[in-house]
Amino acid sequence: MQTNAVRPPSVPALDGFRPAASQAPFRDLTEAELDAFRRDGVICLRQLYGSEWRYALSEALDAVGLRDSGQRTKIKSGVFEWLSNDLIRDFILFGPTAKPVAQALGARRLNSFGDQVFIKDGLLMEPTPWHHDSTFFPIDGDQVASVWTALDPVTADGSALEFVIGSHLWPNRYKAIGIGGVDHSTRELEALPDIEAHRGDYEIRSWDLEPGDALLFHGFTLHGSRGNATAQRRRAIATRWTGNDVTYSASRPSPWAHGLLPGDAMSGPIFPQVLPHLIEAEVADRLRGPLLPDPEKIRARLAHIETSAPVSA
Ligand SMILES: O=C(O)CCC(=O)C(=O)O
């Protein structure tokens, strides 16, 4: 319904700076890329993001990097930053990411499932445990993907993201063990095999990346990263996406009032549709200002993170 489509706003956070208007949509994925995504569960898209987006993200991530992420991890991290940061909001709603994700998933409709920032300072040797993303999320369905990009050059010894090729096709659903060994699982799940101790048993791949390059991977592709052995900081952001086969499952209370019930299609102000077009009723409030979480629910979540026993992945 074209009448409800929303046009890119100006970007108030950086005066006179309008990345949404300045980058053409990304090219169509090739048949070879679509085959590789289906077979391997991950593809590398070189220069998905132009210089304006890189600049905007760099500003946005530095703001997250100034915050303390808590005692359980030295990795600076934040989730659903787009609800309060206008640069990340515009990156998700108006940026070039959604189109290749919809193509890779074969999705008629694509909704945002937010973002996550991961900053590893130079010589911070803390790994990101092996995991697949979908079991962290209170959702059911297969059309789930993330797009990870770094704002600094990434090399194998600089905490590159590593993937177990083809693991999205395995039937297993593993516990969601996040940074700091915190169990974020939304239901009872099996423990992950010790991939790190048996790396030779798996086909593991990583890519050296330049700023602007991105990795597009399926929600069930196992991945993780080692520590950062370089002196350079590694700032990265992942955006998360769900297709039309995904529904909400109430397996974890959300700090944000999304209004969804179990079995509902993803929709509304927290998980808005991005393709085939934005819906004014879903994004109007966020375009007017930040959407803040319930402080009580945030406190409960942080308490869970600080007090739960670490689980090794
Ligand atoms: O940046 C990292 O170290 C981890 C990223 C990740 O696991 C993700 O985006 O799902």
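The lining of the largest pocket divides into 25 nonpolar, 13 polar and 10 charged residues. In this classification Ala, Val, Leu, Ile, Met, Phe, Trp, Tyr, Cys and Pro are nonpolar, Asp, Glu, Lys and Arg are charged, and the others, Gly among them, are polar. The model is a predicted one, in which local features need pLDDT of at least 70, side-chain atom pairs count only at pLDDT 80 or more, and totals for chains, interfaces and linings use all residues. Residues are numbered from 1 along each chain as its sequence is written, and side-chain values use heavy atoms, with hydrogens and water left out.

**Pocket**

The largest pocket holds about 1200 Å³ of space. Of the 48 residues that line this pocket, Gly78, Val79, Gln116, Arg301 and Ile305 are the closest to its centre. At least two lining residues come from each of strand E2 (76-79), E3, E4 and helix H7 (295-307). Helices (H or I, at least four residues) and strands (E, at least two) are DSSP runs, numbered from the N terminus. Pockets and cavities are found on a 1 Å grid over the protein atoms alone: a cavity is a set of points where a 1.4 Å probe fits but cannot get out, a pocket is an open set with protein on both sides within 12 Å along at least five of seven lines, and lining residues have an atom within 4 Å of a point. Grid points are joined across faces, edges and corners, and a volume is the space filled by probe spheres set on the points.

**Cavity and ligand**

The count comes to 1 cavity of 30 Å³ or more. The largest cavity has a volume of about 80 Å³, and its lining elements with two or more residues are E4, E10 and E11. E11 gives the most to this lining, with 3 residues. The lining divides into 5 nonpolar, 4 polar and 2 charged residues, and Phe217 is one of them.

The ligand sits in the largest cavity, meaning that more than half of its atoms lie within 2 Å of the cavity's grid points. Two or more residues of the shell around the ligand come from each of strand E3 (110-120), strand E4 (128-131), strand E10 (223-225) and strand E11 (234-243). The largest share of the shell, 3 residues, is from E11. Shell residues have a heavy atom within 4 Å of the ligand; they include Lys120, Asp133, Arg234 and Arg240. By class, the shell divides into 4 nonpolar, 4 polar and 4 charged residues.

The table gives polar contacts (pairs of N or O atoms within 3.5 Å).

| Residue (polar side-chain atom) | Distance to a ligand oxygen atom |
|---|---|
| Thr128 | 2.7 Å |
| His131 | 3.1 Å |
| Arg234 | 2.6 Å |

Taken alone the ligand exposes 290 Å², and the protein buries 100% of that; accessible areas come from the Shrake-Rupley method with a 1.4 Å probe.

**Backbone**

The peptide bond from Leu275 to Pro276 is cis, with omega near 10°. Pro276 belongs to the loop between strand E13 (273-275) and helix H6 (280-288). Phe80, although not a glycine, has a positive phi of about 50°. The loop that holds Phe80 runs between E2 and helix H4 (86-94).

Note on methods: Polar contact = N/O pair within 3.5 Å; in protein donor to acceptor, adjacent residues only side chain to side chain.
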